[in-house]
Amino acid sequence: MTDIDTNEDPLGPLDPGFAQRFERDERRGPCQLYLISPLDVTGVFADRLARALDAGSVAAFQFRVKDVDQHAAAKLAEPLQRICADREVAFIVNDSISLAKRLGADGVHLGQSDGDAREARDVLGPNAQIGVTCHDSRHLAMEAGEAGADYVAFGAFYPTTTKQTQHAPEPSIMSWWGALFEIPCVAIGGITPANASPLIAAGADFLAVSNAVWGGDEAAAVRAFTELMD
């Protein structure tokens, strides 16, 4: 989808008051789990990833490392990418369009300073999944959709130690988005099985989680999220 058209909703006619009621539009399908790697993916992490993906339903895995050159990052990514491919889990690269291209990844996730969705589409091709961080901004989300993003990410909804955040949207932003636009929205930031339910109810198409899974028993955490979303 390259253009956002609020007049022709592929989900069908909308209740005019739906976007103000802040609840999930069940026509969008169930919420899904989107795992984000810890910064350290060395050692036994590949085994942990396989265990997590085998424990429940996971739609995507984002490879996120920092302060590593591209050659080293590619070596770290390759075994994780194979694990995802074997389980038909989308492998998404954080920040780097060039690394996503080098790996033949399923897609790339871009922050506001990491490039444009149009650039990513030109480099990665029509089948790549391109996500864009939009913080708490409806304007940024609409711009991302117009630029051809496949999903927009809102957050941080809860305090998080994974990265520094300056934005704290209300869950209602996802109800607004889901009522008007086809492109999926991702909720991110401090999400755990204990606090995820309001985000699912508000309309998150995906929950992006990191420490809630990798900070403890990854299989148990994935099972807990899966039960919430079933």
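**Exercise 1.** In which loop does A156 lie? Describe the peptide bond that joins G155 and A156.

*Solution.* The model is a predicted one. Step 1: locate the residue. A156 is in the loop between strand 6 (151–155) and helix 7 (172–180). Step 2: look at the bond. G155 and A156 are joined by a cis peptide bond, with omega about 15 degrees.

**Exercise 2.** Where do D67 and E88 lie, and is each of them buried or exposed?

*Solution.* Step 1: take D67. Its loop runs between strand 2 (60–63) and helix 3 (70–86). D67 is not a glycine, although its phi is positive, at about 55 degrees. Exposed means over 50% relative accessible area. D67 has 84% relative accessibility, so D67 counts as exposed.

Step 1: take E88. This residue is in the loop between helix 3 and strand 3 (90–94). Phi of E88 is positive too, near 55 degrees, and E88 is a residue other than glycine. With 75% relative accessibility, E88 counts as exposed.

**Exercise 3.** Describe how helix 6 and helix 7 cross, and state which residues meet.

*Solution.* Two packed helices are described by the angle and the distance between their axes. Step 2: read them off. The axes of helix 6 (residues 138–146) and helix 7 come within 11 Å, and they cross at roughly 35 degrees. The crossing is right-handed. Step 3: list the contacts. From helix 6, R138, A141 and M142 meet I173, W176 and W177 of helix 7. Step 4: sort these residues by class. The contact between helix 6 and helix 7 has five nonpolar residues, one charged residue and no polar ones.

**Exercise 4.** How many salt bridges does a search of the whole structure find? Examine the pair D217 and R51.

*Solution.* Step 1: the search finds eight salt bridges. Step 2: one of them joins the side chains of D217 and R51, at 3.1 Å from N to O. D217 lies in the loop between helix 9 (211–214) and helix 10 (218–229) and R51 lies in helix 2 (residues 45–55), so the pair ties together parts 166 residues apart in sequence. Step 4: check accessibility. D217 is partly exposed at 39%, and R51 is partly exposed at 41%. Step 5: widen the view. R48, R51, D217 and E218 are linked in a network of salt bridges.

**Exercise 5.** Explain which parts the salt bridge of D150 with R121 ties together.

*Solution.* Step 1: the closest N and O atoms of D150 and R121 are 2.8 Å apart. Step 2: D150 is in the loop between helix 6 and strand 6 and R121 is in helix 5 (residues 117–124), so the bridge ties together parts 29 residues apart in sequence.

Note on methods: Residues numbered from 1 in each chain as written. Predicted model: local features only at pLDDT ≥ 70, side-chain atom pairs only at ≥ 80, totals over all residues. Heavy atoms only, no water. Helix = DSSP H or I, 4+ residues; strand = E, 2+ residues; numbered from the N terminus. Buried < 20%, exposed > 50% of the residue type's maximum accessible area, 1.4 Å probe, protein only. Axes fitted to C-alpha atoms, helices over the stretch in contact; angles between N-to-C directions. Left-handed = near helix turned anticlockwise from the far one by under 90°. Contact = heavy atoms within 4.5 Å. Nonpolar A, V, L, I, M, F, W, Y, C, P; charged D, E, K, R; others polar. Salt bridge = Lys/Arg side-chain N within 4 Å of Asp/Glu carboxyl O.
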